[in-house]
Amino acid sequence: MRGGHVITYEDFQRASLFFDAKDYAGAARLLAPIVAEEPGNRAAVELLARAYFHSAQLGRAEEAFRRLVDLDPCNGWAHEALARTLERRSRHDEARTYRNLARAMGVGPAEKVDVSLTAADLA
């Protein structure tokens with residue numbers, strides 16, 4: 001529930017529209033309560049992480065990508081996105097671990113993976 005109403009698929013769709021319009025901060029504001037209400041919703045967690053990443057909220061992006069990795073440990077894209085986020089935070093040694101896991105799962109290096117793409121786009 002948010003402000004007295006149940007969070008719906010339409011709320012997620014609205015956040016997706018903000019993301020698609022490149023209003024990443026706006027998308028994150030809409031997605032944060034959805035993820036708080038449904039912390040196991042991988043699609044919402046992924047989109048929130050991407051919105052944080054693109055709006056340069058890297059601490060929050062890291063937290064959300066870590067949550068995504070926890071929810072879906074076999075998602076190589078999530079490991080690569082976390083590695084890329086850690087690199088942007090100048091934590092290259094830590095990023096290397098996640099990059100190596102991503103490569104082991106068949107996902108290429110950051111230069112070839114665009115965080116604007118979803119894991120589903122790569123499947």
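**Notes on helix packing and local details**

1. Helix α1 passes helix α3 in a left-handed crossing, left-handed meaning that the near helix is turned anticlockwise from the far one by less than a right angle, with clockwise counting as right-handed. Their axes lie 11 Å apart, and the two helices pack at an angle of about 30 degrees. That makes α1 roughly parallel to α3; angles under 35 degrees count as roughly parallel, over 145 as roughly antiparallel, 65 to 115 as roughly perpendicular and the rest as oblique. On the α1 side the contact is made by Phe12, Ser16 and Phe19, and α3 brings Ala43, Ala44, Leu47, Arg50, Ala51 and His54. Contact here means heavy atoms within 4.5 Å.

2. Before going further, a word on the ground rules. This is a predicted model, in which local features need pLDDT of at least 70 and side-chain atom pairs count only at pLDDT 80 or more, while totals for chains, interfaces and linings use all residues. Residues are numbered from 1 along each chain as its sequence is written, and side-chain values use heavy atoms, with hydrogens and water left out. Helices (H or I, at least four residues) and strands (E, at least two) are DSSP runs, numbered from the N terminus. Axes are lines fitted to C-alpha atoms, for helices over the stretch in contact, and angles run from 0 to 180 degrees between N-to-C directions.

3. Next, please look at α3 (residues 42–54) against α4: their axes come within 8 Å and cross at roughly 155 degrees. The two are therefore roughly antiparallel to each other, and α3 passes α4 in a left-handed crossing. Among the α3 residues making the contact are Val45, Ala49 and Phe53, and among those of α4 are Ala61, Phe65 and Leu68. In the loop between these helices sits alanine 56, whose phi is near 60 degrees, a positive value in a residue other than glycine.

4. How many aromatic pairs are there? The count comes to three, where rings of Phe, Tyr and Trp (its six-membered ring) pair if their centres lie within 6.5 Å, and planes under 30 degrees apart count as stacked, over 60 as edge-to-face and the rest as tilted. The rings of phenylalanine 65 and tryptophan 77 have centres 6.0 Å apart and planes at 70 degrees, so this pair is edge-to-face. It links distant parts of the chain, with phenylalanine 65 in α4 (residues 58–71) and tryptophan 77 in α5 (residues 76–88), 12 residues apart. Phenylalanine 65 counts as buried at 0% relative accessibility, and tryptophan 77 counts as buried at 2%; buried means under 20% relative accessible area, exposed over 50%, partly exposed in between (1.4 Å probe, protein chains only).

5. Alanine 83, in helix α5, is buried, with a relative accessible area of 0%. Its C-alpha atom is separated by 4.2 Å from that of alanine 95, 12 residues away along the chain. Leaving aside neighbours within four places in sequence, alanine 83 is in contact with Ala95, Tyr98 and Arg99.

6. Finally, two loop residues deserve a look. Serine 90, in the loop between α5 and α6 (92–104), has a positive phi of about 60 degrees although it is not a glycine, and serine 90 is exposed at 58% relative accessible area. Lysine 22, in the loop between α1 and α2 (24–37), is exposed at 60%.
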